[in-house]
Amino acid sequence: MRVDAVRVEVPARLHLGFLDMEGGLGRRFGSLGLTLDGLGTELTLVRGDPAGDGPGRDCDRARGYLDRLCEALDLETGFALRLGRTIPSHSGLGSGTQLALAVGAALSALTGRALPPRRVASLLDRGARSGIGVGAFEQGGVILDGGKGALDEPPPVISRMALPEAWRMLLVFDDANRGLSGTAETVAFRDLPPFPADKAAHLCRLALMVGLPALAEGDAMRFGAAVTELQSVVGDHFAPAQGGRFSSPDVAEVLRWLPSVGAAGIGQSSWGPTGFAIFGDAGTAEGAAEDARARWRGQANLRFVVCRGRNRGAVVETVSGRGEVAAEYEKVAKKTA
């Protein structure tokens, strides 16, 4: 049966930090990250006139990814796309990579052409330093990648573990700031000082011998402590490029306070400005969010959202038949109106 439309839902992710920015063993970076439920991007791709694309900058960005993939695969660009909800851009939650992978998955399902996520990422220049986005798309959960080696493709995922159902992540958004991306990010990495080999060794040991075993045992406090230490080392290294351990002073203030109300671990995802805190149970996380909203009620730029972890990857659904396609497209259009 011919597929006439594809709907893809992809999750946001937290990048918890790089492990080895020194690279003396032949691989550089290496990342720890986790997948979020309740924050994501929804994309619908249909056969039709590209002039039927939905409005907005994110749709334009998705169209750019789609055109590049069609050119690489020698396909006609006879497709139209729309977006429903989207991951906030330049917030440190992986919006660009997840959008690119969603486009690739939709095109693969619609045309029957094999487009594995790692190939999509390579074709669209995503995952240059981290494999967390691809891992979140494919599997969800907590992901550890092996760093960038000699191959021109995203780093391999070397460990994937489930997040305990009871754990929650409190996200701290600063809507007045944006994280580094594109050329600015490339320049920042270029201009950072060399990363000491002994610190890289310590962070790798911290992840392998403290963080991941604590996760396996469901010990939120010990896992959170490992993440906090990782964040302090990496954040201080990035401080010359982002103005401090955390890029947003307002988020930094909230993060300093959160351990006093039960946060097991704190940090900033990627270049931020989004901060996060890890909690071992929903009640404590929700209470902290309410306290934070009251405490910073005068700062309209700050938002606080509690999320579950997500132990699955993207969802891809196909639709056949013109009536069903029209209904699906209309449903997504209403979400964007």
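A residue counts here as buried when its relative accessible area is under 20%, as exposed when that area is over 50%, and as partly exposed in between, with a 1.4 Å probe and protein chains only. The model is predicted, and for that reason local features need pLDDT of at least 70 and side-chain atom pairs count only at pLDDT 80 or more, while totals for chains, interfaces and linings use all residues. Residues are numbered from 1 along each chain as its sequence is written, and side-chain values use heavy atoms, with hydrogens and water left out.

D74 has a positive phi of about 60 degrees although it is not a glycine, and its place is in the loop between α1 (57-73) and β3 (79-83), where helices (H or I, at least four residues) and strands (E, at least two) are DSSP runs numbered from the N terminus. D74 is exposed, because its relative accessible area is 70%. F29 is another non-glycine residue with a positive phi, near 85 degrees, but F29 lies in strand β2 and is buried, with a relative accessible area of 7%. The peptide bond from G272 to P273 is cis, with omega near 5 degrees, and P273 sits in the loop between β7 (265-268) and β8 (275-279).

F18 is buried at a relative accessible area of 8%, and F189 counts as buried at 11%. The rings of F29 and F189, with centres 5.6 Å apart and planes at 80 degrees, are likewise edge-to-face, and this pair joins strand β2 to helix α5 across 160 residues. Ring pairs link F18, F29, F189, F238 and W271 into a cluster.

On a 1 Å grid over the protein atoms alone, a pocket is an open set of points where a 1.4 Å probe fits, with protein on both sides within 12 Å along at least five of seven lines, and lining residues have an atom within 4 Å of a point. Grid points are joined across faces, edges and corners, and a volume is the space filled by probe spheres set on the points. The largest share of the lining, five residues, comes from α7. By class, the lining of the largest pocket divides into 11 nonpolar, 23 polar and seven charged residues, where Ala, Val, Leu, Ile, Met, Phe, Trp, Tyr, Cys and Pro count as nonpolar, Asp, Glu, Lys and Arg as charged, and the others, Gly among them, as polar.

The second largest pocket holds about 330 Å³ of space, and of its 20 lining residues the closest to the centre are L19, D20, L25, G146 and C204. Helix α6 gives the largest share of this lining, six residues.

Methods
Rings of Phe, Tyr and Trp (its six-membered ring) pair if their centres lie within 6.5 Å; planes under 30 degrees apart count as stacked, over 60 as edge-to-face and the rest as tilted.
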